[in-house]
Amino acid sequence: MKILAFNGSPRLKGNTATMLDNAISGARENGAEVEMFNLYKMQFSGCISCFSCKRLDKERPIVCVVKDDLKPVLEKVRGIDAILIATPVYYGSESAATRALIERLCFPYLNYADYTTSHFPRRIPVGLIYTMNIPSELFETMGYDVTFGRTRATLEREFGSCKMVLANNTTQYNDYSLYEANATGEAKKAYRDAHFSNDCQNARQLGEQLSYGKVFNA
Ligand SMILES: Cc1cc2nc3c(=O)[nH]c(=O)nc-3n(C[C@H](O)[C@H](O)[C@H](O)COP(=O)(O)O)c2cc1C
């Protein structure tokens with residue numbers, strides 16, 4: 001049982017990395033082998049629209065041909081049993097590095113001639129973790145359910161199934177008195193103390209579920 005995990009946050013000890021660590025622990029405790037990549041430590045771009053992966057003279061499945069730090073990682077995807085992606089929310093979407101990963105990961109498996117099928121040869125589960133500043137009450141008002149639902153649908157189409165876990169109202173600063181903020185450090189701490197360990201527990205359960213390598217039920 002092999003899982004590839006991606007931290008899409010530049011902060012290597014932030015909320016996203018903490019949630020991801022919990023998910024990885026949940027998977028490893030269940031016997032999975034997990035390899036983790038910090039996307040902001042790697043040099044790579046998003047899709048460059050070369051359409052090499054859409055050439056008819058190439059045998060499917062095709063791995064993205066762009067040569068950079070991501071290429072050897074994408075080559076590993078052929079042989080894995082689950083994928084775990086964790087990202088902070090930046091401007092209502094995934095971080096830039098996470099979006100670049102998703103483009104390069106998914107587009108070669110997208111069947112441009114028939115959107116109902118995927119070139120990825122197996123059905124595997126994908127775990128998607130988001131951490132964000134907004135409180136959960138604003139999640140739908142801000143349209144995040146639609147935006148993140150679209151990403152989930154993309155991953156589901158190419159790989160079979162995708163489950164999301166969220167952490168809201170995250171703490172960004174150690175000392176809120178030093179930075180611009182729309183909340184006090186006390187309010188943030190109170191929310192974190194009440195909720196973040198539960199969010200991490202949800203991430204841990206996601207990791208456990210991924211370690212079975214079975215697609216999630218709809
Ligand atoms: C450039 C930038 C843009 C952000 N945009 C949003 C946003 O649109 N919505 C939101 O809820 N949080 C936003 N945030 C807050 C982060 O998503 C949130 O604090 C997250 O938990 C940070 O994760 P980290 O600790 O792993 O860095 C933004 C943060 C940054 C740095």
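1. K71 belongs to helix α2, which covers residues 71–76. In this predicted model, K71 counts as buried because its relative accessible area is 17%, under the 20% cut-off. A polar atom of the K71 side chain sits 3.3 Å from the backbone oxygen of C64. Leaving aside residues up to four places away in sequence, K71 is in contact with V63, C64, V65, V66 and R104.

2. V77 lies in the loop between α2 and β3. With a relative accessible area of 1%, V77 is buried. Its contacts, again without residues up to four places away in sequence, are L4, I83, L105, Y109, F120, R122 and F159. As for E103, 26 residues separate V77 from E103 in sequence, and their C-alpha atoms are 14 Å apart in space.

3. The ligand is surrounded by 17 residues, and the closest of these are R11, T16, V89, T131 and T170. T131 has a polar side-chain atom 2.7 Å from an oxygen atom of the ligand. T170 likewise places a polar side-chain atom 2.7 Å from an oxygen atom of the ligand. On the backbone side, a polar atom of Y91 is 3.0 Å from a nitrogen atom of the ligand.

4. Helix α1 spans residues 15–29. The buried residues of α1 are N15, T16, A17, M19, L20, N22, A23, I24, G26 and A27. T16 in this list is also among the residues closest to the ligand. The buried residues of α1 pack against strands β1, β2 (33–38), β3, β5 and β6, and against helix α5. Just after α1, G31 adopts a positive phi of about 95°.

5. Helix α5 runs over residues 185–210.

6. Which residues of α5 are buried? They are K188, Y191, F196, D199, C200, A203, R204, L206, G207 and L210. The elements covering these buried residues include helix α1 (15–29) and the strands β1 (2–7), β3 (82–90), β5 (124–131) and β6 (160–167). The packing is also listed from the other helix, as α5 is one of the elements that the buried residues of α1 pack against.

7. How many disulfides does the model contain? The count is zero. A disulfide is a covalent bond between the sulfur atoms of two cysteines. For C47, the closest cysteine sulfur is that of C53, and at 6.6 Å the two are too far apart for a bond; the cut-off is 2.5 Å. C106 is in no disulfide either, as the nearest cysteine sulfur, in C162, is 9.3 Å away.

8. C106, at 5% relative accessibility, is buried.

Note on methods. Residues are numbered from 1 along each chain as its sequence is written. This is a predicted model: local features need pLDDT of at least 70, side-chain atom pairs count only at pLDDT 80 or more; totals for chains, interfaces and linings use all residues. Side-chain values use heavy atoms; hydrogens and water are left out. Buried means under 20% relative accessible area, exposed over 50%, partly exposed in between (1.4 Å probe, protein chains only). Helices (H or I, at least four residues) and strands (E, at least two) are DSSP runs, numbered from the N terminus. The expected span of a helix is 1.5 Å times one less than its number of residues. Contact means heavy atoms within 4.5 Å. A residue is near a molecule or strand if one of its heavy atoms lies within 4 Å of it. A polar contact is a pair of N or O atoms within 3.5 Å; within protein, one must be able to donate a hydrogen and the other to accept it, and residues adjacent in sequence count only if both atoms are side-chain atoms.
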